[in-house]
Amino acid sequence: MAIYYIRQNGLDSNNGTSPSTAWRTWGKLLGTTGMASGDTAYIGGGVYRELVTVNMTSATTETQIIGDTDGVYTGDPGEVQLTAYLTNDETLPSTGNLFNLNGRDFLTFKNITFVHGASATIIVASTATSTNINFFDCVFYFTFTGNNSGCFNLTVGFGVSANWVIDRCVFLCYSSSQNILITLATGSGVDYDANIQIL
């Protein structure tokens, strides 16, 4: 189980295994050549302007992405923000979804601020059921006021225990659509517990 680092001054051509050889983007970290099941990543303080789809091989045990807000691990204290405002904080952001779990499992996110402001969603888990997903001490800031948008869009397959926990998080979502949309697929069989906890 490896430890990886992302910093504002990193390079995706680095190996990502130390603060001095950190990667630059979330796309690299969660891509096909990034972290693996059971690894931990520390994200240095700063604003990361990118839309992310998780393409790593799906984890089978807890895999952590932690905002290093006090700078203990990366040397970069401060808020860790992933934003769809790709140019700056004033130019309208991309209409793409900010973070697509893409059916991946066993991911834990801590101390991260997610920001969007267009007709899209912050966290999308609609490709297939993403199981064992945790968000701890995160902020979800959404400023778009139109429809077809929101903070979370989660689809759970019939009979699947999703095992999601959203704990100690702040939602600042001004969408006129849903803030958290959970779609439980119907089917034939006994009742089941999707096990989604928002604490």
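**Strand burial, sheet and charged pairs**

Modeller: All 6 of the 6 residues of strand S5 (residues 63–68) are buried, so this strand is largely enclosed by the rest of the structure. The model under discussion is a predicted one.

Biologist: Which residues of S5 are buried on one side, and which on the other?

Modeller: In a regular strand, side chains alternate between the two faces of the sheet. Both faces of S5 are covered. The buried residues on one side are Thr63, Ile65 and Gly67, and those on the other are Gln64, Ile66 and Asp68.

Biologist: Which residue of S5 is the bridge partner of Ala41?

Modeller: Strand S2 (residues 40–44) runs parallel to S5, and 5 bridges join the two. S5 is also joined to S8 by 4 bridges, again in parallel, with Gln64 opposite Thr108 in S8. As for Ala41, its bridge partner in S5 is Ile65.

Biologist: Turning to the open sheet of 5 strands, what is the strand order?

Modeller: Strands of a sheet pair through backbone hydrogen bonds, either parallel or antiparallel. In this open sheet of 5 strands the pairing is parallel, and the order is S3-S6-S9-S12-S15.

Biologist: Why is one side of strand S3 and of strand S15 left without a neighbour in the sheet?

Modeller: Strand S3 (46–49) and strand S15 (170–173) stand at the edges of the sheet. The twist from one strand to the next averages 15 degrees. One side of S3 and of S15 lacks a neighbour because each has a single partner strand.

Biologist: How many residues apart are Asp89 and Arg49?

Modeller: The side chains of Asp89 and Arg49 meet in a salt bridge, at 3.1 Å from N to O. Asp89 is in the loop between S6 and strand S7 (99–100), whereas Arg49 is in strand S3; the pair thus links distant parts of the chain, 40 residues apart.

Biologist: Which residues are linked in a network of salt bridges?

Modeller: Asp137 forms a salt bridge with Arg168, the closest N and O atoms being 2.9 Å apart. Asp137 lies in the loop between strand S11 (133–136) and strand S12 (139–142), and Arg168 in the loop between strand S14 (164–167) and S15. Arg168 also forms a salt bridge with Asp167, at 3.1 Å, and Asp167 counts as buried at 15% relative accessibility. The network therefore consists of Asp137, Asp167 and Arg168.

Biologist: Which side chain of opposite charge is nearest to Arg104, and how far away is it?

Modeller: Arg104 lies in the loop between S7 and strand S8 (107–110). Its side chain reaches the backbone oxygen of Asn102 at 2.8 Å, and a polar atom of that side chain lies 2.7 Å from the backbone oxygen of Met56. A salt bridge requires a nitrogen within 4 Å of a carboxyl oxygen. Arg104 is buried yet has no salt bridge, and the nearest side chain of opposite charge is Asp105, 7.9 Å away.

Technical notes: Residues are numbered from 1 along each chain as its sequence is written. This is a predicted model: local features need pLDDT of at least 70, side-chain atom pairs count only at pLDDT 80 or more; totals for chains, interfaces and linings use all residues. Side-chain values use heavy atoms; hydrogens and water are left out. Two strands pair if DSSP finds at least two bridges between them. Axes are lines fitted to C-alpha atoms, for helices over the stretch in contact, and angles run from 0 to 180 degrees between N-to-C directions. Buried means under 20% relative accessible area, exposed over 50%, partly exposed in between (1.4 Å probe, protein chains only). Lys and Arg count as positive and Asp and Glu as negative; His and the chain ends are not counted. A polar contact is a pair of N or O atoms within 3.5 Å; within protein, one must be able to donate a hydrogen and the other to accept it, and residues adjacent in sequence count only if both atoms are side-chain atoms.
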